[in-house]
Amino acid sequence: MKSNDWLHGFRHSSPYINAHRGRTVVLTLGGEAIAHDNLINIIHDITLLSSLGVKLVVAFGARPQIQQRLDEAGEVSEFKDGLRITKEEQLPFALEAIGALRSYLESRLSMGLVNSPMHGARIRVSSGNYVAARPVGVLGGVDHGYTGRVRRVDVSGIEKLLEAGHIVLLPPLGYSPTGDAFNLSYEDVGSQVAAALQAEKLIIFTEHKGVLDETGALVRELTVRQACDRLATLKAADADSDLLRAACDACVKGVRRSHIISYGEDGALLEELFTRDGSGTLVSGDNYEQVRRARVEDIGGIVELIQPLEDQGVLVRRSRELLETEVDCFVVAERDGMIVGCAALYAYPEESAGELSCFAVDPAYRRAGRGDDILAMIESRARGMSLAQLFVLTTQTEHWFRERGFEPSKVQSLPGPKLASYNTQRNSKVFVKRLGSL
């Protein structure tokens, strides 16, 4: 029997395809990722993103390749606090290794064989002196030579190429007004360029699935604050620290989200961008997930959320037209542009009471406290209306409400208009919570 899994996945990816079209995404590929067997699949996925209208900047690194070239030349490479010290006589070897990688990536992105996923793609790749740099200088008494940091990004130059449909390829190099070239950290290039462009996302490839906890399990989400706390416990020279620090810096400077994903896992990039939960670790500011007042454009998401519960008889059925007229009564929990929870507050000011209604949370998110967040906002709105109590009618979730301060009550205690419309066939139980002042 033919499987339709692809059809289900394709349909559910369409909101993300629309959301990313025309947006700027910065990708960072370390030298280890470029040397990995899975690079060709990453290249194919980059091509697919470009064909879907995503504006792409690729910042790449070359640490193992530079090390190999220095070893071949008999040069000893020194590091201080995780930074390579680039001596003047060693700079040509670094430039050689970086230049070879740039040509290699350009050739990979230019593939168009008939039997390859890139057939007919016609990808244009551009690179150049879009990053100005300054020397790291002397740190702890050690002169880092021609190792540098990002000083300025030519935003208008990059944006013109992106608008023309080019993929912008940025090497770990920066240039100074004096004509010097500096060896840069690709993490620094990716983070600073993403911030300067105010990119939608920064995607960072790493050896692991993402950020791992002490047990080796994947940490799926981190706020910037949580990520900074984690950085405080890691060694300054740890490679994972550099990646996480780059993700945090980008978010602090205006990038909406940073993602840390595996370069060894086939399809990790597409899974991270086109599925709700992604494949790696998301680092975001406080606006990634929020509980807020509903808007008309949320109606479709609310309908999709509550329809299964209406079909089961858990919620009273509501038409789209009714939801549109009552949208001001609703609050929603939004996660990455998707509605994962909702509730409505109907006020009965004459009796200083409010009804908590149409309360629903996506099953995948019911253990993460989203129901409590929604309830807290409903209670806050009720207090703002000077309502003294909140009541709810339920057939399924009695214990959840009782654990949160709701007490059993009689049907006859309902406000007059609600009592008149009470459906005896549903036989819903009534629970009431007194609202104290904040």
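This is a predicted model: local features need pLDDT of at least 70, side-chain atom pairs count only at pLDDT 80 or more; totals for chains, interfaces and linings use all residues.

Modeller: Residues are numbered from 1 along each chain as its sequence is written, and side-chain values use heavy atoms, with hydrogens and water left out.

Colleague: Why is Asn183 called buried?

Modeller: Buried means under 20% relative accessible area, exposed over 50%, and partly exposed in between (1.4 Å probe, protein chains only). Asn183 has a relative accessible area of 7%, and is therefore buried.

Colleague: What makes the Asn183 and Thr86 side chains a polar contact?

Modeller: The term requires a pair of N or O atoms within 3.5 Å; within protein, one must be able to donate a hydrogen and the other to accept it, and residues adjacent in sequence count only if both atoms are side-chain atoms. The side chains of Asn183 and Thr86 meet this at 3.2 Å.

Colleague: Why are Phe359 and Trp400 called edge-to-face?

Modeller: Rings of Phe, Tyr and Trp (its six-membered ring) pair if their centres lie within 6.5 Å; planes under 30 degrees apart are stacked, over 60 edge-to-face, and the rest tilted. Here the centres are 5.5 Å apart and the planes stand at 85 degrees, so the Phe359–Trp400 pair is edge-to-face.

Colleague: What makes Trp400 partly exposed but Phe359 buried?

Modeller: Trp400 has a relative accessible area of 26%, whereas Phe359 has 17%.
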